[in-house]
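Have the viewer open as you read.

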Amino acid sequence: MRRRQRQLLVTALLAAGAGGVVAVGQAFVVRTLDQTLPDVSRIGTFNRPGTVTILSADGQVLQKLGPATREKLVGGQMPELVEQAFIAAEDRRFYEHSGIDAWGIGRALWRNVQRGAVEEGASTITQQLARLVFLSQDPTLVRKLQEALLAGKLERELSKEQILEQYLNYVYLGSSAYGVADAAWIYFSKTPEELTLPQAALIAGLPPAPSVYSPLVNPDLAQRRRAVVLRRMREAGFIDASEEAEANGAPLDLKPAEPKFWTSRAPYFTSWVAQELPKVLTPEQLEVGGLTIRSSLNLVWQKEAEQVIERSAFGAMEGALVTIEPGTGLVRAMVGGKNFNESQFNRATQALRSPGSTFKLFVYLAALKAGMTPETTVLDAPRCFAGYCPKNFGNRYLGRVSLAVALQNSLNVVAVSLLQQVGFDKVIAVAQGLGITRELGRFYPMGIGAYEQTVLDMTAAYAGVVNRGIFVPPTPFEEISGPEGQLLWSRRVQGDRGRRVVSSDVADAMVWMLQRVVTNGTGGGAALPNRPVAGKTGTSEGARDLWFVGAIPQLTTGVWLGFDNNRKTNSDSGAAAAAWGRYMAVITKDLPVRPFPPKPALTNTFNVRGVKPPAPARPVERAPEAPRSWEPTPTRPEQDFRDDGRFRGDPADPAAPAPDAPTPAPRPAPEPAPATPSVPSRPNSPSQPPPPAAAPAPAAPPAPPAPVAPPPAPSPVAPPAP
């Protein structure tokens, strides 16, 4: 008897040992296989390839792009009725199996043989979730094996509730609906908890063939599929026969709605975001998807900008607006037209329009950089430049005026004169430094805006000046995160820090001059009460383009109004300045009032064509220095420059009289020029006597040849308005 007991004990111990070895071996195999499979913990952050979520600066969703679940339900929010409908339709033994349901496979095969068609699938909800998140839809043996292994891993690492919740958030349900919340909204304009029994059954019947069973595509087929789901719910004990009959008799009662966040809340801005995205991310990052972009857009300002453009662009007229933060380059508002649904053409970033007198910014900046000052006086009188004869608006000429007064009154002749004196290359270099990338020809009409630019580029250029001469390229991005929340790009780390284009003194002097444009000149419509404003108006030939680009210390905004077909507006740039003022008056209500930097004292000296003035023939007693001035010589249209800086057909006159004393206030135009114009004089002080007539004139190095023809590309020859 004892021997028998010992044998039984040994046998039991051996069996237990063998079982333990098998269990350990099985656990080792399972653990080894699990290590070759994807990490199931990332299922909570799953995003399909190519999906992008764009947020405003304060975190509100502007738009979701790509095949994204637009609204997810967190744990505990999914209605029990919806869960029962899906379990009955897709996986009746969901709570009983461990990922693979052998009994369900057999039942599905038998039912399909009886019906003579594939009516019931054999994949469990766990298998479908594994396929949705980690695998392709290819019906291969390898994929089915991977699916089974992943289903087991999901069951081991997640609860049944977690698996069901993730499945109901990700399953595709047709008509761009990813997840139950999306489907409830798209088909019935409801939230999941508002769904009725027949509506929940209809949605639960969609997964096998979403495009086929969609009630928006095949309502009759969708109704028959709904009846199948209701029958299974009764068979599973979720509803009784009377509830099934009542639900079968209910109409579809569809109330279709556009997917949430399908339409952008700022469409012109988000379309620009999509265009700029490849500049900061790699193709691989874009393909993976699951991107979340925190953009620069202030949604409150954006709505105000849209309303202002709508009210300011009458009839068929269009408009554009851009607001930029000068120190960061962040674009806080962007309007590219009145109606994105009617026209997706972004007039803020794509439309090339003549900037008119707003382009004078670069000419005056180049002049200040070359040594002139706001007090430097110039002669405003009719003249021609190598056959190009600009005219002031209204044929009004002010005689000798300072640069500040010339800009304040937007005098075209002065702008072209400055372009001639400073040189094309210096003006072009300043423009390019401030972000102007389009080619600029070396022709005199450039000085008054003959070369077309975009609203975004012109606004960014003015922002660089307001930023005390440091240009920061405009950007819509603050931060970009990947599918698992990892930071892929940050403006504070990878963003462009900007580049200095002009000194802070030159920039501050330019801003001081631009303030006078608003307080005393053509930009009066943009004035804000108790707040400094600097800016410039611009009107192209025929008033086809109406501009105002202006700034307060914290923000720079550009406004453009005009017609897409380039016809005349019968208005002037005051309309754009007024629109700017209405918009800025609203968005600055909560911004502190800040002053611009004070006007600097510029001490550089401007040398005509870079030539140093010769020493006087004999010492003279100097009077107190008056403001520096230079006086371009009036020319006839048919004349051209000679190598010595004079004009063909004009005799040399070394004893030409000195310029008149500068007059700070505008005065009537001077008398007509004599038939034989004098040689251009150097910018000596008016108090200095001219050299003796007998003394030979000092030889000056040859001047660069001037262009001999007006530009072929810019068509306007008539003067733009201020």
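## Ground rules and overview

Two strands pair if DSSP finds at least two bridges between them. Helices (H or I, at least four residues) and strands (E, at least two) are themselves DSSP runs, numbered from the N terminus. Keep in mind that this is a predicted model, where local features need pLDDT of at least 70 and side-chain atom pairs count only at pLDDT 80 or more, while totals for chains, interfaces and linings use all residues. Residues are numbered from 1 along each chain as its sequence is written, and side-chain values use heavy atoms, with hydrogens and water left out.

The protein has 22 helices and 14 strands. Of its 722 residues, 50% are buried, where buried means under 20% relative accessible area, exposed means over 50%, and partly exposed is in between (1.4 Å probe, protein chains only). Take the contacts (heavy atoms within 4.5 Å) with a separation of 6 or more: 73% of them come from residues 24 or more positions apart.

## Strand S9 and its partners

Let's start with S9, which spans residues 477-481. Four of its five residues are buried, so the rest of the structure largely encloses this strand. S9 pairs with strand S3 (residues 291-295) in the antiparallel sense, over four bridges. To find that pairing in the viewer, pick isoleucine 293, whose bridge partner in S9 is isoleucine 480.

S9 also pairs with strand S10 (residues 487-490), again antiparallel, through three bridges. Here serine 481 has leucine 487 in S10 as its bridge partner. S9 and S10 make a hairpin with five residues between them, and glycine 485 in the turn has a positive phi of about 85 degrees.

## Two covered helices

Helix H7 (residues 180-188) has eight of its nine residues buried, so it is largely enclosed by the rest of the structure. Among the buried ones are Val180, Asp182, Ile186 and Phe188. What's doing the covering? Helix H2 (80-90), helix H6 (160-170) and helix H8 (197-204) are included in what covers the buried residues of H7. Just after H7, serine 189 takes a positive phi of about 55 degrees.

Helix H4 (residues 125-134) is mostly covered too, with nine of its ten residues buried. The buried set includes Gln127, Gln128 and Arg131, along with Ile125, Leu129 and Phe134.

## The disulfide

How many disulfides does the structure hold? There is one, counting a pair of cysteine sulfur atoms within 2.5 Å as a disulfide. It joins cysteine 384 to cysteine 389, with an S to S distance of 2.0 Å. The link between cysteine 384 and cysteine 389 is right-handed, with 100 degrees about the S-S bond.

Cysteine 384 counts as buried at 8% relative accessibility, whereas cysteine 389 is partly exposed, with a relative accessible area of 25%.

## Aromatic pairs

Rings of Phe, Tyr and Trp (its six-membered ring) pair if their centres lie within 6.5 Å; planes under 30 degrees apart count as stacked, over 60 as edge-to-face and the rest as tilted. By this rule the count is twelve aromatic pairs. One of them is the tilted pair of tyrosine 172 and tyrosine 178, 4.7 Å centre to centre with 40 degrees between the planes. Tyrosine 172 is partly exposed at 27% relative accessible area, while tyrosine 178 counts as buried at 15%.

Phenylalanine 385 and tyrosine 444 form another tilted pair, 5.4 Å centre to centre and 45 degrees between the planes. Phenylalanine 385 is in the loop between strand S6 (377-380) and strand S7 (399-402), and tyrosine 444 is in the loop between helix H18 (424-433) and helix H19 (455-466), so the pair ties together parts that are 59 residues apart in sequence.

## Lysines to click on

A charge sits over a ring if NZ of Lys or CZ of Arg is within 6 Å of the ring centre and within 35 degrees of the ring normal. Lysine 160 lies over the face of phenylalanine 94, at 4.6 Å from the ring centre. Lysine 260 lies over the face of tryptophan 185, at 4.8 Å from the ring centre.

Lysine 279 belongs to the loop between helix H12 (267-276) and helix H13 (283-288). Is lysine 279 buried or exposed? Lysine 279 is exposed, with a relative accessible area of 61%. Its side chain makes a polar contact with the side chain of glutamate 276 at 2.9 Å. A polar contact is a pair of N or O atoms within 3.5 Å; within protein, one must be able to donate a hydrogen and the other to accept it, and residues adjacent in sequence count only if both atoms are side-chain atoms.
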